Amino acid sequence: MAEESQFNESLLYDFAKFLTTLALLMFGGVLTVTQTADRTVAKPPVIAIVVAFIAIAGICAVSAAGKVAKVHLSFGGERLTPRHYLLAAIAFLGMGAGGFLTMWWKTL
């Protein structure tokens, strides 16, 4: 049973690292689109919202990885678990990806 728990934690940690990497790649994509797109397509408020969603997703993913990494060090129950952070990361990454794809589509 202990091995299964460690296996699940390692999957959560790897997934959190993957989401962090994905957020960084999307942030680079947004920066590329903003440099090449017309200002009428990539409006600053839209860019700010998309970047905020991607940044929040990255922060949630890093927080989840940190919680998983220190799970054996804490003895008390925590209010937010790594799964909460991962679900938030996926939600914000989805919103950021939708905004990014909309901007990218308009630049074509």
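**Contacts of Leu 86**

I began with Leu 86. Setting aside neighbours within four places in sequence, I found Leu 86 in contact with Leu 12, Phe 15, Ala 16, Leu 19 and Ala 64. Contact here means heavy atoms within 4.5 Å.

**Ground rules**

I noted that this is a predicted model, where local features need pLDDT of at least 70, side-chain atom pairs count only at pLDDT 80 or more, and totals for chains, interfaces and linings use all residues. Residues are numbered from 1 along each chain as its sequence is written, and side-chain values use heavy atoms, with hydrogens and water left out.

**Overall layout**

I counted the secondary structure next. The protein chain has 3 helices and 0 strands. Read from the N terminus, the order is α-α-α. Helices (H or I, at least four residues) and strands (E, at least two) are DSSP runs, numbered from the N terminus.

I then looked at burial. Of the 108 residues in the protein chain, 31% are buried. The cut-offs are under 20% relative accessible area for buried, over 50% for exposed, and partly exposed in between (1.4 Å probe, protein chains only). The chain exposes about 7,100 Å². Carbon and sulfur atoms supply 69% of that area. Accessible areas come from the Shrake-Rupley method with a 1.4 Å probe; for residues, only the protein chains shown count as cover.

I also checked how far apart contacting residues sit in sequence. Among contacts in the protein chain with a separation of 6 or more, 82% are between residues 24 or more positions apart.

**The core**

Which residues have the most contacts inside the largest nonpolar core? I got Leu 19, Val 30, Val 50, Ile 54, Leu 86, Leu 93 and Met 103, in a core of 24 residues. Helix H1 (2–36), helix H2 (44–69) and helix H3 (82–107) each give two or more residues to this core. H2 gives the largest share, 9 residues. A nonpolar core is a set of buried Ala, Val, Leu, Ile, Met, Phe, Trp, Tyr and Cys residues joined through side-chain atoms within 4.5 Å. In soluble globular proteins, nonpolar side chains tend to be buried together.

**Helix H2**

I listed the buried residues of H2. They are Ile 47, Val 50, Ile 54, Ala 57, Gly 58, Cys 60, Ala 61, Ala 64, Ala 65, Lys 67 and Val 68.

**Val 50**

Is Val 50 buried or exposed? Val 50 counts as buried because its relative accessibility is 4%. Val 50 lies in helix H2. Beyond neighbours within four places in sequence, Val 50 is in contact with Val 30, Gly 96, Gly 99, Phe 100 and Met 103.

**Aromatic pairs**

How many aromatic pairs does the structure hold? I found 2. Phe 15 and Phe 18 form a stacked pair, 6.4 Å centre to centre with 25° between the planes. Both lie in helix H1, 3 residues apart, about one turn of the helix. Phe 15 is partly exposed at 33% relative accessibility, and Phe 18 is partly exposed at 47%.

Phe 53 and Phe 92 form a tilted pair, 6.0 Å centre to centre with 35° between the planes. This pair links distant parts of the chain: Phe 53 is in helix H2 and Phe 92 in helix H3, 39 residues apart. Phe 53 is partly exposed at 23% relative accessibility. Phe 92 is partly exposed, with a relative accessible area of 23%.

Rings of Phe, Tyr and Trp (its six-membered ring) pair if their centres lie within 6.5 Å; planes under 30 degrees apart count as stacked, over 60 as edge-to-face and the rest as tilted.

**Salt bridge**

I found 1 salt bridge in the structure. Asp 14 pairs with Lys 17, the closest N and O atoms being 3.7 Å apart. A salt bridge is a side-chain nitrogen of Lys or Arg within 4 Å of a carboxyl oxygen of Asp or Glu.
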